[in-house]
Amino acid sequence: GMHVIGFRNALTKTFNECFPNAIRSIKQDYAGITNSDIKFLILGFMNLNDVEIAVLLGLTYSAANKRNNKIKNIFNIKSDLHDFLFKYIKSKF
């Protein structure tokens, strides 16, 4: 419902306040990243697993898992998304 949408928007807003330009930078560096992917990434950055992210974003576990793999393909990484994002954000900001 609406409270979930409010949560998602608040999430992005808070992340932007903590890491200004991080999302813009990711979108510039990696064509093909969508706003839905970004929300997934932020939760991953917060060290939540696919099960937790699925619950928060209203996805099935398999949809969350597919999204995780899709994002890793875009970033061309085999490692954990959280580790990659942590290093990426540290290197830029």
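Me: In which hand does α3 pass α4?

Reply: In this predicted model, the crossing of α3 past α4 is right-handed.

Me: What describes the packing of two helices more fully?

Reply: Two packed helices are described by the angle between their axes together with the distance between those axes. Here the axes of α3 and α4 lie 10 Å apart, and the packing angle is about 135 degrees. That angle makes α3 oblique to α4.

Me: Which residues of α3 and α4 meet?

Reply: From α3, the residues are K39, F40, L43 and G44. Their counterparts in α4 are D50, I53, L56 and L57. Sorted by class, this contact of α3 with α4 holds 5 nonpolar, 1 polar and 2 charged residues.

Me: Is α3 mostly covered or mostly uncovered, and how many of its residues are buried?

Reply: α3 is mostly covered, with 9 of its 11 residues buried. The buried residues are D37, I38, K39, F40, L41, I42, L43, G44 and F45.

Me: What comes after α3?

Reply: N47 follows α3, and the phi of N47 is positive, near 70 degrees.

Me: How should I read the largest nonpolar core, and which residues touch the most other members?

Reply: The largest nonpolar core has 25 residues, of which I26, I33, L41 and F75 touch the most other members. At least two residues of this core come from each of α1 (2–18), α2 (22–29), α3 (35–45), α4 (50–57), α5 (61–75) and α6 (81–92). The largest share, 6 residues, is supplied by α3.

Me: With its neighbours within four places in sequence left aside, which residues does L41 contact?

Reply: On that basis, L41 is in contact with I26, I33, I71, F75, L81 and L85. I26, I33 and F75 in this list are also named, with L41, as the residues that touch the most other core members.

Me: Which residues of α2 and α6 meet, and how do they divide by class?

Reply: S25, I26 and D29 in α2 meet L85, Y88 and K92 in α6. The residues of this contact divide into 3 nonpolar, 1 polar and 2 charged. Both I26 and L85, which take part in this contact, are also contacts of L41.

Key: Residues numbered from 1 in each chain as written. Predicted model: local features only at pLDDT ≥ 70, side-chain atom pairs only at ≥ 80, totals over all residues. Heavy atoms only, no water. Core = buried A, V, L, I, M, F, W, Y, C linked by side-chain atoms within 4.5 Å. Buried < 20%, exposed > 50% of the residue type's maximum accessible area, 1.4 Å probe, protein only. Helix = DSSP H or I, 4+ residues; strand = E, 2+ residues; numbered from the N terminus. Contact = heavy atoms within 4.5 Å. Nonpolar A, V, L, I, M, F, W, Y, C, P; charged D, E, K, R; others polar. Axes fitted to C-alpha atoms, helices over the stretch in contact; angles between N-to-C directions. Parallel < 35°, antiparallel > 145°, perpendicular 65-115°, else oblique. Left-handed = near helix turned anticlockwise from the far one by under 90°.
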